Amino acid sequence: MITKEFDTITAIATPLGEGAIGIIRLSGSDALAITKKIFKGKDLSKVPSHTLNYGHIVDPQNGEVLDEVMIGVMLAPKTFTREDVVEINTHGGIAVTNEILQLVLRQGARMAEPGEFTKRAFLNGRVDLTQAEAVMDIIRAKTDKAMNIAVKQLDGSLKQLIDNARQEILNTLAQVEVNIDYPEYDDVEEMTTALMREKTQEFQALLENLLRTARRGKILREGLSTAIIGRPNVGKSSLLNNLLREEKAIVTNIAGTTRDIIEEYVNIKGVPLKLVDTAGIRETDDVVERIGVERSKKALNEADLVLLVLNAAEKLTEQDRTLLELSQNSNRIILLNKTDLPEVIEVDDLPSDVIRISVLKNQNIDLIEERINQLFFDNANIIEQDATYLSNARHISLIEKAVESLQAVNDGLELGMPVDLLQVDLTRCWEILGEITGDAAPDELITQLFSQFCLGK
Ligand code: GDP
C-alpha cells in the first residue's frame, strides 16, 4: 500500500492543563526533519524506529533551551497514520507545551484539524470508517460496556461483516450478469429470478438482524435519557444522590463536545442513564408548574425512561395524579418511596407494577436496576461477548436504507419486473453499505465525521 503524500501536521495530543507530561505529535514526511531542527540530542535520523530518545528542545533562533524531553520516533508505515510520526514528550505545563508547538509550527508543520491524524489513518488505508469512528467512541465511552462495543468495532468486526455482505452482493450481481449473457441456456430467466430472490432474502435477514442489535447498542453508547419526576419532597433529590453515589457516578458534568450543555450520567449495571434536567430537580420541584402541561407531556414522551417518584406515606395528591397521567405513555417506572414509614397511599389507584423503595434506608434500589434491564434488554445479558453491535446513528440509518433497497428488489420480483431494473436496486444496496466502511463515502461526509474528533487525535 502506498501512502498518499500529505504535508506534515502537528497538534498537542494531551488535554490542556497541568499534567505529568504533555505530548506534541507530528505526522508527515517532514516530521523528523522538523523535529531535528529544534532538538539537541542524538541524531534522530539515525535512531531505530519506535524508540524514545532523550534530549532538549532548543529554539534555533536564539539557542534558548525550552525543555528537557523524550522524543518518540515512529517511522512509516507501522504507525497510527502510516506516516512518519514524532511525539515530543515534555514536562506537561501549558506554557511549555504551547511554546514547543509554536516552535514546531515555525519550522514548517501545519496545525492539524480536529481528527486529522485519524483521518490520515483512514485515507492511508490503515483503518476503515467504522474503525475510525470507534476511536472516537472509545474516547467518549461512558461505561465499560459502551467501551467494549467500541473496542470490538475498532477490531474491525463491523467492517468485516459489511465487507462480506458487499462481496456476496457483488457475486450475486456477477452471477446474474452471467445468466443474462448466456441466454442460450434454458430457464435462464427463472434461474436468475430464483437466485435473486434467495440472495436478497438472505441479505435482508442479515441486515435486519444487525438492526435488532441497534437499540441496545445505541442505549449503551448514548445512554438512556432519564427524567426523575414527582411532586416536592417525595425524595427525588435523595434518589438522584443515591444513584450518583456508590461508585455509580461515572461521569459528572461532562461538557458536551458539540453542544455546550452539562449532562450527568449514572451507570446502572453498565447502562448509562443520562439524567435530564437534574438542575431542574434541584432548583424548582414542580416540572409541570415550571414548563406547563403540554411541554411536560412532550418532554416526558421524549425521555427514554421516566422515574416517577410518589410518597407512599401520604395519600395521592392532585399533582401526583397529573404526573401519573402525563407519564402514562412513557417508558415509566413508578417508585413508591418512603416505605420505611406506614403506607397510606391508595395503591388500588396505581398500576400493579410499582416498586416499593426507601431511599433513606437504601432499600430495593437494586429493583430499579432490574426493571430497567427488563424494560430495555428483555432481561438478556446486556452485552453478549461475541455480538457485533450496531450503535452508531450513522450506521443504523445506512443499514435501514440498505434494507429498503433490498425490499425494493423483493417487491420488484413479486411484480415480475425485468431483472436489469432489479440489478439497479441491488447495486444501490452495495453502494450504501460501502458508505458505512468508507469505501464509497462522499468527501464531505468524511470531512464532517473527522471534524467531530478531538484536536490531536
Ligand atoms: P424532593 O423534593 O423530591 O427532591 O425530595 P428530597 O429528596 O429533598 O426529600 C425530601 C425529604 O424526604 C427529605 O427530608 C428526605 O430526607 C426525605 N426522604 C427521602 N427519601 C426518604 C425515605 O425513603 N424515607 C423517609 N422517611 N424519608 C425520606
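This report covers a helix pair and a ligand site in a predicted model.

## Helix pair α6 and α7

Helix α6 spans residues 157-181, and helix α7 spans residues 188-212. They pack at an angle of about 170 degrees. Their axes lie 10 Å apart. Angles over 145 degrees count as roughly antiparallel, so α6 is roughly antiparallel to α7.

From α6, the contact draws on L158, L161, A165, E168, I169, T172, Q175, V176 and N179. From α7 come V188, M191, T192, L195, M196, K199, E202, F203, L206 and L210. By class, the contact of α6 with α7 holds twelve nonpolar, four polar and three charged residues.

## Ligand shell

The ligand is surrounded by 16 residues. The closest are N233, K236, S237, S238 and D340. Five residues of the shell are nonpolar, six are polar and five are charged. Helix α9, residues 236-244, supplies the largest share of the shell, with three residues.

## Polar contacts and cover

An N or O atom in the side chain of S238 is 2.5 Å from a ligand oxygen. For S237, a polar side-chain atom lies 2.6 Å from an oxygen atom of the ligand. G235 uses its backbone: an N or O atom there lies 3.0 Å from a ligand oxygen.

On its own, the ligand has 580 Å² of accessible area. The protein covers 75% of that area.

Technical notes:
Residues numbered from 1 in each chain as written. Predicted model: local features only at pLDDT ≥ 70, side-chain atom pairs only at ≥ 80, totals over all residues. Heavy atoms only, no water. Axes fitted to C-alpha atoms, helices over the stretch in contact; angles between N-to-C directions. Helix = DSSP H or I, 4+ residues; strand = E, 2+ residues; numbered from the N terminus. Parallel < 35°, antiparallel > 145°, perpendicular 65-115°, else oblique. Contact = heavy atoms within 4.5 Å. Nonpolar A, V, L, I, M, F, W, Y, C, P; charged D, E, K, R; others polar. Near = heavy atom within 4 Å. Polar contact = N/O pair within 3.5 Å; in protein donor to acceptor, adjacent residues only side chain to side chain. Areas by Shrake-Rupley, 256 points an atom, 1.4 Å probe, with all protein chains shown as cover.
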